Amino acid sequence: MALRTALRTGADLGVNNARKFITTAFLRRLVPPLGPMPNEDLDTTDLESLEKYRSYTRYLRKAEEARNKPVWWKTYRSYVEKQDPEHDAEKVDIGLPYLRPSRLKEVKERKQMVKENKKNAELERASRLRTLKVSLDRVQDEWGKTSGPFHIQRLAEHYGVFRDLFPNALFLPQVLMQINYSQDNGGQVHYGNRLTPTEAASVPQISFEAEEGSLWTLMLTCPDEHLLDNEAEYVHWLVGNIPGGSVQKGEELCHYLPPIPPKGTGFHRYVYFLFKQEVRIDFQEDVRTTPCFSLAERSFKTLDFYRKHQDAMTPAGLSFFQSQWDESVSDTFHNSLNMREPVFEFIRPPVYHPPQVKHPHRQPLRYLDRYRNGKEHTYGIY
């Protein structure tokens, strides 16, 4: 019975809301516009008399003129530019130069491959019998050489990596990294996947293609977990002067610290950056004490670090994962960092109830329940 009454009440409220909306719309129509409305000068009764565009180029030119024409109403673009003046501003590319391969060469190689595949009798038989197997490693390598860097760049922009770590700048991650926290693929770092702090507790295995004699810098940072400064980060790992692709042979400037997302703060982003060095760099000012279990010493800003060494290094690779609190975070705070664990909780405000009326109109039968204290009443012992 209470459910039926509540449904009727919702319908009645819908009618009341509709009446209010109609009244508001009626009052709104009484207010004259501040200027001419769009297409007000067009005669919609005789559409055949309107001038035809006759070509897409002419239509595009007219549309550009209409878009640039000043109007009296406020557009969505003006609202966005007022809130964020740097919206749609051109960003600086700080990455390695991208050499686009020749389109004719790609088409020629593709035709040659198709021609060879058609001559392969075993391949034709396997395709016909539906036993053809495609190597995923080969597909991964082909993706990394063609459209992979652009996909990674779009994902980094979607997750706000460039916005928070490299304001007004971006780069194309042309060097792909394979980061594994475990022997199987369960602990692999991709581009925004989720890993628990327990899975990322130890130093990962990292590999990437590098020329012999080249030098690299590897960094792991988190832009979301600083406890005192919203603009700062905590550096979790920093290795410089890496010869070739051997990370274990580089200079460890700050030893590895597992993810420490505080309880109640949701998912945090943990970003791996790979910088290609032009020359060997003296990182004496960036070295932390070993072992470094002080969050104050780990306070870090990626942009300041890059500006300090921008003449000798260039961003080349990027990978990141997301992580939220689990039991291992408490162990890291208490045993490794030797500090009390910060815990954030959301305190819900009490439910607001309007003043009680003596004769409620269009209310459910259980109207008085919201004003009771909820305690169980005792009526005496007999």
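Predicted model: local features only at pLDDT ≥ 70, side-chain atom pairs only at ≥ 80, totals over all residues.
1. Pro149 sits in helix 7; helices here are DSSP runs of H or I with at least four residues, strands are runs of E with at least two, and both are numbered from the N terminus. Its relative accessibility is 4%, so Pro149 counts as buried (buried is under 20% relative accessible area, exposed is over 50%, partly exposed is in between, with a 1.4 Å probe and protein chains only). Leaving out residues up to four places away in sequence, Pro149 touches Trp143, Gly144, Leu172, Pro173 and Gln174, where contact means heavy atoms within 4.5 Å.

2. Residues are numbered from 1 along each chain as its sequence is written, and side-chain values use heavy atoms, with hydrogens and water left out.

3. Back to helix 7, residues 148–158: the buried residues are Gly148, Pro149, Ile152, Gln153 and Ala156. They lie on the same side of the helix because they cover an arc of only 135° around the axis (the arc is that of the directions from the helix axis to the C-beta atoms). An α-helix has 3.6 residues a turn, so residues three or four places apart point the same way. On the face turned away from the buried side, you'll find the exposed residues Arg154 and His158.

4. What do the buried residues of helix 7 pack against? The partners are helix 6 (136–145), helix 8 (161–165), strand 2 (169–170), strand 5 (191–194) and strand 12 (313–323). After helix 7 comes Gly160, with a positive phi near 75°.

5. Now the largest nonpolar core, which has 29 residues; Phe166, Met219, Phe273 and Leu318 touch the most other members. A nonpolar core is a set of buried Ala, Val, Leu, Ile, Met, Phe, Trp, Tyr and Cys residues joined through side-chain atoms within 4.5 Å. Elements giving two or more residues to this core include helix 7, helix 8, strand 2 and strand 12. Phe166 touches, among others, Ile94, Phe273, Phe275 and Tyr306, not counting residues up to four places away in sequence. Apart from this core lies another, of 24 residues, among them Val189, Trp216, Tyr270 and Tyr272.

6. Some backbone spots to look at. Asn168, in the loop between helix 8 and strand 2, has a positive phi near 60° despite being a residue other than glycine; Asn168 is partly exposed, at 40% relative accessible area. Asn241 also has a positive phi, near 55°, but belongs to strand 8 and is buried, at 2%. Thr290 and Pro291 are joined by a cis peptide bond, with omega about -5°, and Pro291 lies in the loop between strand 10 and strand 11 (299–300).

7. As for the whole protein, there are 10 helices and 12 strands, and buried residues make up 31% of the 382 residues. Of the contacts with a separation of 6 or more, 72% are between residues 24 or more positions apart.
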